[in-house]
Amino acid sequence: MTRRQKTRSGSTESGGPRARDRGPPPDRSADPAPQTSSTFGLSHFDAAGAARMVDVGAKPETQRVAIASGMVVMEIATASAVRAGTIGKGDVLGVARIAGIQAAKRTSDIIPLCHPLRLTGVDVDLRVANNAVYIMATVRAFDRSGVEMEALAAVSAAALTVYDMCKAIDRGMVISEIRLDEKRGGKSGVWKRALPGNHVAGKTRPP
């Protein structure tokens with residue numbers, strides 16, 4: 001048999017089948033997505049480094065609490081106007097409080113890998129001192145995932161609302177120090193931010 005005849009019969013010169021004659025690759029569409037820890041040590045990444053939403057279905061439902069805080073630094077005159085309620089757009093602290101509560105409830109809509117949670121309570125407290133508005137949010141839920149992001153989202157939205165309502169008279173305001181201060185519940189137990197002068201945050205696990 002000639003070389004031309006071998007080619008027409010569907011074999012290569014080495015005797016292997018043509019690529020188009022090989023069978024289709026196995027269908028792996030039904031394989032479950034891997035839920036093991038990634039090589040990065042982060043549960044939001046799979047073993048290949050791709051982002052994923054963590055499966056929390058096997059976790060027990062427990063009481064979850066998170067506390068976050070932040071501040072908006074402004075001119076003294078702006079802070080005085082906020083305190084006196086004379087900002088042209090209205091009650092700055094009241095509107096910012098509602099914005100924070102709403103943001104906590106909608107966190108999974110804006111943070112892609114957050115789970116929708118059944119929140120049982122959201123408290124957003126704002127106070128004016130010197131040249132700043134200080135914000136603290138406490139979020140509670142009875143669910144399978146923590147509410148740290150909900151607390152941080154509440155503080156962020158409240159701070160942005162303060163800026164929006166006051167920017168006409170003070171565009172130099174600075175939003176800063178948005179941080180998680182404490183979380184409770186879940187496998188990791190209690191975590192608290194270290195006080196000034198300490199280097200390690202307190203962390204205890206449930207008995």
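Where is the place of Asn130? In this predicted model, Asn130 belongs to the loop between strand E2 (119–129) and strand E3 (132–143). The legends below begin with the whole chain and then turn to single sites.

**Figure 1. Overview of the chain, with five helices and six strands.** Read from the N terminus, the elements follow the order α-β-α-α-α-β-β-α-β-β-β. The chain has 207 residues, and 33% of them are buried. Among contacts between residues at least 6 apart in sequence, 61% join residues at least 24 apart.

**Figure 2. Helix H2 (residues 76–84) and its buried side.** The buried residues of this helix are Thr78, Ala79, Ala81 and Val82. These residues lie on the same side of H2, because they cover an arc of only 160 degrees around the axis. In general, residues three or four places apart in an α-helix point the same way, because such a helix has 3.6 residues a turn. Ala77 and Ala84 are exposed and sit on the face of H2 turned away from the buried side. The cover over the buried residues of H2 includes helix H3 (92–105), E2, E3 and helix H5 (148–166). After H2 comes Gly85, with a positive phi near 75 degrees.

**Figure 3. Thr78 and its contacts in the chain.** Thr78 is part of helix H2. Thr78 counts as buried because its relative accessibility is 3%, and the cut-off for buried is under 20%. With neighbours within four places in sequence left aside, Thr78 is in contact with Cys166, Ile169 and Asp170.

**Figure 4. Helix H3 and the elements against which its buried residues pack.** H3 consists of 14 residues. From the first C-alpha of H3 to the last, the distance is 20 Å, close to the 20 Å expected at 1.5 Å a residue. The buried residues of H3 are Val92, Leu93, Gly94, Ala96, Gly100, Ala103 and Ala104. Their packing partners are H2, helix H4 (107–110), E2, E3 and H5. H3 is in turn among the elements that cover the buried residues of H2.

**Figure 5. Two residues other than glycine with positive phi, Asn130 and Glu177.** Most residues other than glycine have a negative phi. Asn130 has a positive phi of about 55 degrees although it is not a glycine. Asn130 lies in the loop between E2 and E3 and is exposed, with a relative accessible area of 61%. For Glu177, phi is near 55 degrees, again a positive value. Glu177 belongs to strand E4 (residues 174–184). With a relative accessible area of 47%, Glu177 is partly exposed.

**Figure 6. Arg127 over the face of Tyr134.** Arg127 is placed at 4.9 Å from the centre of the Tyr134 ring. How many aromatic pairs does a search of the whole structure find? The search finds zero such pairs.

Note on methods: Residues numbered from 1 in each chain as written. Predicted model: local features only at pLDDT ≥ 70, side-chain atom pairs only at ≥ 80, totals over all residues. Heavy atoms only, no water. Helix = DSSP H or I, 4+ residues; strand = E, 2+ residues; numbered from the N terminus. Buried < 20%, exposed > 50% of the residue type's maximum accessible area, 1.4 Å probe, protein only. Arc of directions from axis to C-beta. Contact = heavy atoms within 4.5 Å. Phe/Tyr/Trp six-rings, centres within 6.5 Å; stacked < 30°, edge-to-face > 60°. Lys NZ or Arg CZ within 6 Å of the ring centre and 35° of its normal. Expected span 1.5 Å × (residues − 1).
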